[in-house]
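Subject: Structure for your review

Dear colleague,

Please find the structure below, handed over for your own work. My notes on what was found in it follow directly after it.

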Amino acid sequence: MTRFVTKLAAATAAVALASVPGLASAQTTQAVDEKTGPVSFANVASVRIGNPGSLITETQRSPLTPGQSKLSPDRTKVPRDPGEQSTFGDKWDINLGRYGADNPYPAGIASRDHNVIAALQQTTVPTAIAESNYALIDNGRGGAKPADNTVLVLEGAKSSVDCNSPGKVTSSTSVEKLWVRDENGALKPVGASGVDVKGLKLGPPSVVKNENIDKGKTTSDLTVSRVTAFDQLIRQDGWRNGDVTAVAGWKLDIVTHVRDGAGKDLREARTTIVLGGVSCAIPKNFVAKPAGGTGPGAAPEQPAVPGTVPAGGIPPQAGDATRTVVGLGLLGGGIVIGAATMLLLRRRKPVPVREK
């Protein structure tokens with residue numbers, strides 16, 4: 001099925017624009033170039049299982065005029081529906097901070113909404129931020145409650161980028177505490193700089209039909225590190241870099257050694273997960289506008305305009321054990337703030353976004 005990025009935005013634009021103060025000023029606001037101008041992107045979680053496919057949740061892109069795009073708080077887990085589960089597998093879940101009675105976190109970690117934003121500042125400087133708690137849950141463990149199945153937690157994770165000028169770009173990737181389940185089955189803190197664990201009791205994200213897997217002998221090697229290069233991000237084609245680019249985020253590399261009861265290796269499952277992937281990009285001749293201006297677009301006062309294009313994917317072919325699927329959700333599930341941006345979107349031809 002094909003759905004247009006601009007479809008829902010256009011449906012709400014008439015109501016939104018009618019209530020926007022200073023509409024005449026917004027119409028004269030000069031937009032940045034869509035293909036080469038300053039831009040930022042933010043994504044809460046993306047997964048690559050095997051090669052070359054991936055499941056990508058809704059990605060936020062900065063507007064073409066000063067404003068921001070923010071991920072809806074309703075996105076609380078991956079996978080969130082049967083379509084994403086057919087891509088990601090039926091054994092793993094990623095919690096994105098908010099939870100109800102089924103708390104997957106260690107005691108003392110409160111439920112919270114993530115904060116995932118791609119923005120174009122009034123100076124036209126692009127920035128992005130992703131803040132959340134993350135929990136990787138292996139339902140194949142068979143625990144009575146989610147917390148019994150959690151194998152990794154990133155508590156207070158934050159990634160951010162800021163592209164002020166070609167000579168001044170900054171990026172930061174941090175976490176308050178990392179938790180990993182040890183060989184005795186206890187979920188324990190292991191610091192805040194990274195993780196490199198061999199023999200973790202973590203099964204594969206999906207099980208092949210008629211596979212004689214032994215949970216006790218199946219283990220995974222896990223490495224948690226910071227994103228340091230643009231190509232390390234798991235992204236759609238529309239997520240672009242520039243002459244000068246800054247990136248941040250957390251990368252999980254997991255190699256699962258699937259074994260049978262005799263300890264024989266049945267297969268090796270490779271999974272890469274990027275949590276809180278963000279980037280900003282500017283052209284080599286970029287010059288920020290002065291701060292504190294009073295002209296058109298200097299202090300837009302727009303209401304939030306919802307636009308939802310769900311992430312999804314192309315289901316794997318029957319018998320495809322690698323589950324390499326491409327999911328698309330660029331600028332989906334977010335709140336775009338910026339009246340002038342909505343005017344520009346109405347004038348542009350809609351861009352098709354594939355979804356399941």
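Cys 280 is buried, with a relative accessibility of 1%. In this predicted model, Cys 280 forms a disulfide with Cys 163, at an S to S distance of 2.1 Å. Cys 163 is likewise buried, its relative accessible area being 0%. The count of disulfides comes to one. Its S-S torsion is about 80 degrees, so the disulfide between Cys 163 and Cys 280 is right-handed. Because Cys 163 belongs to strand β10 (residues 150-165) and Cys 280 to strand β17 (residues 265-282), the pair ties together parts that are 117 residues apart in sequence.

The backbone also deserves a note. Thr 124 is found in the loop between β8 (115-120) and β9 (126-138), while Asn 210 sits in the loop between β14 (195-200) and β15 (219-226). Is each of them buried or exposed? Thr 124 counts as buried, at 7% relative accessibility; the cut-off for buried is under 20%. Asn 210, by contrast, is exposed, with a relative accessible area of 75%, where exposed means over 50%.

Finally, the peptide bond leading from Val 78 to Pro 79 is cis, and its omega is near -5 degrees. Pro 79 itself is placed in the loop between β6 (77-78) and α3 (82-88).

With kind regards

Technical notes:
Residues numbered from 1 in each chain as written. Predicted model: local features only at pLDDT ≥ 70, side-chain atom pairs only at ≥ 80, totals over all residues. Heavy atoms only, no water. Helix = DSSP H or I, 4+ residues; strand = E, 2+ residues; numbered from the N terminus. Buried < 20%, exposed > 50% of the residue type's maximum accessible area, 1.4 Å probe, protein only. Disulfide = S-S within 2.5 Å.
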